[in-house]
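Keep the sequence and the 3D view side by side as you read.

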Amino acid sequence: MLGRLKGQLRSFLVTSIVALAALTQGNSAFAEEKVLRAVLHADMRVLDPIWTTATVAGIHGALVYDTLFGNDAKGDAKPQMVDTYDVSADRLTYTFTLRDGLKFHDGTPVSSKDVIPSLKRWAARDGAGLRLFGFIDKLDVVDAKTFRMVLTKPYGMVLESLGKTSTSLPVIMREADALTDPQTQVKTAVGSGPFKFAADLWVPGSKAVYVKNPDYVSRPGNEPASFFAGSKFAGVDRIEMVWISDPQTAMSALINGEIDFYENPNIDFYPILEKAKGVKLETTGEVDSHIGFIRLNHLHPPFNTPKARQAMYHLVNQEDFLRAVVGDPKYYRICHALFTCGTPLSNDGGSHFFKDYNPKKALQLMQEAGYKGEPIVILATTDHNTITPATQVLIQAMREAGLNVDAQSMDWGSTVTRRAKKDPPDKGGWNIFITTTGGVSAANPILHTWIGAACDKGIFGWPCSEKLEAVRDSYGFAQSLDDKKRIARELQTLAMEEVVYIPFGQWNQLISYRSDRLSGVVPNTGLVVFWNIVKK
Amino acid sequence: MVSYILRRLLATIPVMGVVAVFVFFLLRLAPGDPAAIIAGDDATVTQIAAIRAKLGLDRPVLEQFGLWVLGMLQGDFGTSIFSNLPVSRLIAQRVEPTLALALSTLLVAVALAIPLGVLAAAKARRLTDRLVMLFAVMGFAMPVFLIGYVLIYVFADRLGWLPVQGYKPLSEGIGPWARHLVLPSLALGITYMALIARITRASMLEVLSQDYIRTANSKGLATGRVLLLHALKNAAVPIVTVIGIGIALLISGVVITETVFNIPGLGRLTVDAVLKRDYPIVQGLIIVFAGVKVLVNLMIDISYAFLDPRIRY
């Protein structure tokens, strides 16, 4: 009976829909095109990948623009726009030559005149760039395809910085665009990358469209793609970055085949997606992970003394956090290191701080450090799928210890505003907030901004240690992997003592896509890339 | 009537002025800073301040307000802080989906709810009445997003008859356009339908108890004729009022429905702009929504004169 009713209802609806569809023909202009529809973690709203550090702007930048170098899966920099380069024996002079045939989307050739201002603009906004330019004495055009960089010291991170795969990417823009003040947004997106941005089809907050760049010249030799290295090509005619803000809807759209790629499915949805036909959930390795951490404000009591900060280690049982944030142990790992676990620099320097989860001891140490029960202001983000549960676990642990917690609930937009305030907590400032960082950045002391302790010049929380900064600087001059490992251990030990932050674990954020339609997906690199993907 | 309409239109000016003042200053009072969102995780306080200065957000609030009002008077709603595009363009891009969703919802709701309400009143205190009222209570009690998810699960996930999400412009054909509107219109329309059906029933019951209806019945007029021609017309004023009030419900419902069904309309634009603290967009949208609400109220008031000859302006 029910089946018959269902059949009748279905036939009625289908007939109605077919009749409606027959009334007018749909637009078939794109019927022949291979269109990749992707949903990212956020909507593409800003065209300038230098002006903002938003990851989604970096993804857009990687499609539209190209970079001089691209770091591969091992973190080694490989030439991308650069054809050949030469390093002098004293490692102070780098001479780069661009590949033949590089053209911007408006048809003008890429030249050294475009490269110099592009790098300068990038360095004005990016930590790794700023550090690199601190060692640059001269950066000159030699000819249309050649430019030269002269350093004051033999800084060892030149190529890795130029090939970095996290925001802000050192993309090469047209000279006129690159001369724009770094604090002002470039209003167009004309690069030399494998895809062109279709400005006329852009609906901010809904859809950004990219079309294949037929003039893109891949690196010769058909090198396999690895992170940002290798031969890149546009495997589809058109990419539509569709913004679906509701994760449930996005997941259903992927299962129903309305989209091809969903970058950031909620961890809760993994079991459903694992069972969905034609859908693949991809784990992309150790480096490509997320690291969650607790940031303390070093400027104000009680966390302006190392002892009070170290007391907080006794409130962090990573298993508690990871169960709340991730749930399934196969997607997370306990990681007491400050460098991404599973990468060469990961070590156990200072990890003894984590050995003893003990709320009573935490309170005792806090009291010894001068804590008298003042409210501790936590910026309690309420709308983030990982930060929100982690914050709740921390609040619970602090209350269990008997600390006076003032959890101030707010959306993430308010948290990012509030954390920039240096005022005392009772005057609009804060004591604690929780955030995450990417495993790619956290694998390298120079790119890992949160490990810095540059006082007022640093970022929110403002840890301050000249010694730590000096050790971090020395990493740029390391000559061998052993040397790098030694410095990383020393740096991590110091950072743990200073409590620059307290990690609460590492987990994989899987990507999902229609494996029955897509092939050639480049394993995630911290930034999702869409080159080399072919759609059936 | 003409002078009444003119007076009402002139009265919208101070109303919009008050809305503008409230929207602007409430947004500035709310926590959040677009410069901090733009600058991102690795930014220093100095970098955030530099972006704020470039965006003009460090100027005195009164100066910012003055500039915004001046622009508005010249038809310039400002520029989005993030996308750098004119707010008027962003709103124009989103009007069609929202209008299509609102009109189809209105059509579905009115077309189904009024007959249901009339039927319930005609069969008062009988099973049909109880069923209609049960539907009305449930429809009004269930949140729009829940109805949306249930519809998606049944008609898109399980049966695969209709798309989960998205919107196709009318220019791509009536078929795709209608297919993408069925589920959102139903999700949004059920609450609205429940409201209209309840009011229609109540209003009809009041009219049906009046002497002239008893006279019409005793004259032997057909039930349908009595209900539709004699009763419904006289019960129409409260129904039309509720339809008008429901426009506000529709506007708030559109925000949720567009999020659940991923329709790129004004509702989604509002939510995204609020989360990103894109002040010019939020301000422009609230002004547009307020203007729509004022105009709808005016149209409803005018319609009274046509429905009830005793009402004169």
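## A lysine and its neighbours

The side chain of A:Lys535 has a polar atom 2.6 Å from the backbone oxygen of A:Val35. That is a polar contact, meaning a pair of N or O atoms within 3.5 Å; within protein, one must be able to donate a hydrogen and the other to accept it, and residues adjacent in sequence count only if both atoms are side-chain atoms.

Before going on, a word on the ground rules. This is a predicted model, where local features need pLDDT of at least 70 and side-chain atom pairs count only at pLDDT 80 or more, while totals for chains, interfaces and linings use all residues. Residues are numbered from 1 along each chain as its sequence is written, chains are lettered from A and ligands numbered from 1 in the order in which they are written, and side-chain values use heavy atoms, with hydrogens and water left out.

Back to A:Lys535: its side chain also makes a polar contact with the side chain of A:Asp260, at 3.0 Å. You'll find A:Lys535 in strand S21 of chain A, residues 534-535 (strands are DSSP E runs of at least two residues, helices H or I runs of at least four, numbered from the N terminus). Is A:Lys535 buried or exposed? A:Lys535 counts as buried because its relative accessibility is 14%; buried means under 20% relative accessible area, exposed over 50%, and partly exposed in between (1.4 Å probe, protein chains only). Leaving aside residues up to four places away in sequence, A:Lys535 touches several others, including A:Lys34, A:Gly235 and A:Arg517 (contact means heavy atoms within 4.5 Å).

## Two sulfur links

How many disulfides does the structure hold over all chains? There are 2, a disulfide being a pair of cysteine sulfur atoms within 2.5 Å.

| Disulfide | S to S | S-S torsion |
|---|---|---|
| A:Cys335 and A:Cys341 | 2.0 Å | 85°, right-handed |
| A:Cys455 and A:Cys464 | 2.0 Å | about 75°, right-handed |

Both A:Cys335 and A:Cys341 are buried. A:Cys455 is partly exposed at 24% relative accessible area, and A:Cys464 is partly exposed at 45%. Counting bonded cysteines along chain A, the pattern is 1-2, 3-4.

## A helix pair in chain B

In chain B, the axes of helix H5 (residues 87-122) and helix H8 (residues 174-208) come within 5 Å and cross at roughly 35°. Axes are lines fitted to C-alpha atoms, for helices over the stretch in contact, and angles run from 0 to 180 degrees between N-to-C directions.
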